Amino acid sequence: MDPRGKERFAKLLHHRAAMLEKGEPIAPPLVSATTYHLPETEGASHSYGRVSMPTWEAVETQLGILEDAPCVAFPSGMAAISAALMAVLTDRKRLIIPADGYYVTRVFSADFLAAYGVEVIALPTHEMETADLSGGAVVFLETPSNPGLDCCDIALLAQRVRTAGGLLIVDNTTMTALLQRPLDLGADMVVAADTKAPAGHSDILFGHVATRDAALEERVRNWRKLSGAVPGAFEAWLLHRGIETLEVRLERMCASAQIIAERLAAHPAVSNVRYPGLADDPSHELARRQMSGFGFLIGFEMASEDAAETFLSACPLMTQTTSFGGTHTAGERRARWGDNVAPGFIRLSVGVEPVEPLWTAISAALD
Ligand SMILES: *Cc1c(COP(=O)(O)O)cnc(C)c1O
């Protein structure tokens, strides 16, 4: 993790202190009120729960320090993604999305955006850098892509998108703002599912949009207010608590993932290990330049669907779930959702277990 990321994180942990009066709680209070004392409409900090809520504001301030940019909170990653897309696909009608990225973004684009007249083009992440961007398209990038873990050069793509008069949105869910900085590399907007590592405990859905473009931010806030896609106060409160340990969790998770990826790559029952931290991974050189950690997701293949399912059920330190970024190591055979991967392909999300007992359990299940 880069030193500036660590400085931001230290500041994040103390962000409420400056505004506290004597005797006020250190943790933000959970305020779920819909209505606020409003004898007249001018000058009130809050008016109605669909417009603003103190507990989202606490988490937006925290996320804003993490991103070093204004953030708008949403009730899920998809709510943030759909808000970002709806905010910019009014004057632009071409959308380029990853063919190998998070599949719900693709289904949303095909089922809804295309029906509203948006031309949706799906391209593999490794072809994004050279894509035809004419006509000022909105480009939606996910790097490393989920689940294939291919990387794309954000700075290069941002430059090309800007030259073509387009707009670049990066889904930074797999890395978080601690490990990758798309806005610093030239992206116009970042979207992220805080459901994953930031919340970190597999118990809430949450998302956010970050942008340094005030007009885009305003448009996204307005979308939230008018569409009603607002986060709940309890979820915001739990995310605020989860983020406080994000940096220590990520450090453990990334360090363990590196060790496990190297050992998986050397195991005879495993092939095609993808982890950007492996020296021979196709994305390694770019990941070293562009990311300040290699993440906690590993992709690998076993010989067949049966072999993969047997391994997943045999490993006591691995939950079989469809999400990632939680405290528990989780594994899933992605072909069961129709992802375009081999039947024996497993996506592993490394958790915070001490690494040696974790590897002992994984290698016993592989054998
Ligand atoms: C999980 C995920 C999302 C969606 O997040 P939800 O909170 O489930 O709506 C979006 N993008 C990526 C890359 C994800 O992994």
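How many residues apart are Phe-234 and Trp-237 in helix H7? In this predicted model, the two sit three residues apart in that helix, which covers residues 233-243, so about one helical turn separates them. Their rings form a pair, and the structure holds five aromatic pairs. For Phe-234 and Trp-237, the ring centres are 6.1 Å apart and the planes meet at 20°, so this pair counts as stacked. It takes two values to describe such a pair of aromatic rings: the distance of the centres and the angle of the planes.

Now for a residue in a loop. Gln-180 is found between strand S5 (167-171) and strand S6 (189-193). Gln-180 counts as buried because its relative accessibility is 0%, and buried means under 20%. So what does its side chain reach? Another is the side chain of Asn-172, with which the side chain of Gln-180 makes a polar contact at 2.9 Å. Leaving aside residues up to four places away in sequence, Gln-180 touches Thr-143 and Asn-172 along with Ile-154, Met-175, Gln-290, Met-291 and Ser-292.

Conventions. Residues numbered from 1 in each chain as written. Predicted model: local features only at pLDDT ≥ 70, side-chain atom pairs only at ≥ 80, totals over all residues. Heavy atoms only, no water. Helix = DSSP H or I, 4+ residues; strand = E, 2+ residues; numbered from the N terminus. Buried < 20%, exposed > 50% of the residue type's maximum accessible area, 1.4 Å probe, protein only. Polar contact = N/O pair within 3.5 Å; in protein donor to acceptor, adjacent residues only side chain to side chain. Contact = heavy atoms within 4.5 Å. Phe/Tyr/Trp six-rings, centres within 6.5 Å; stacked < 30°, edge-to-face > 60°.
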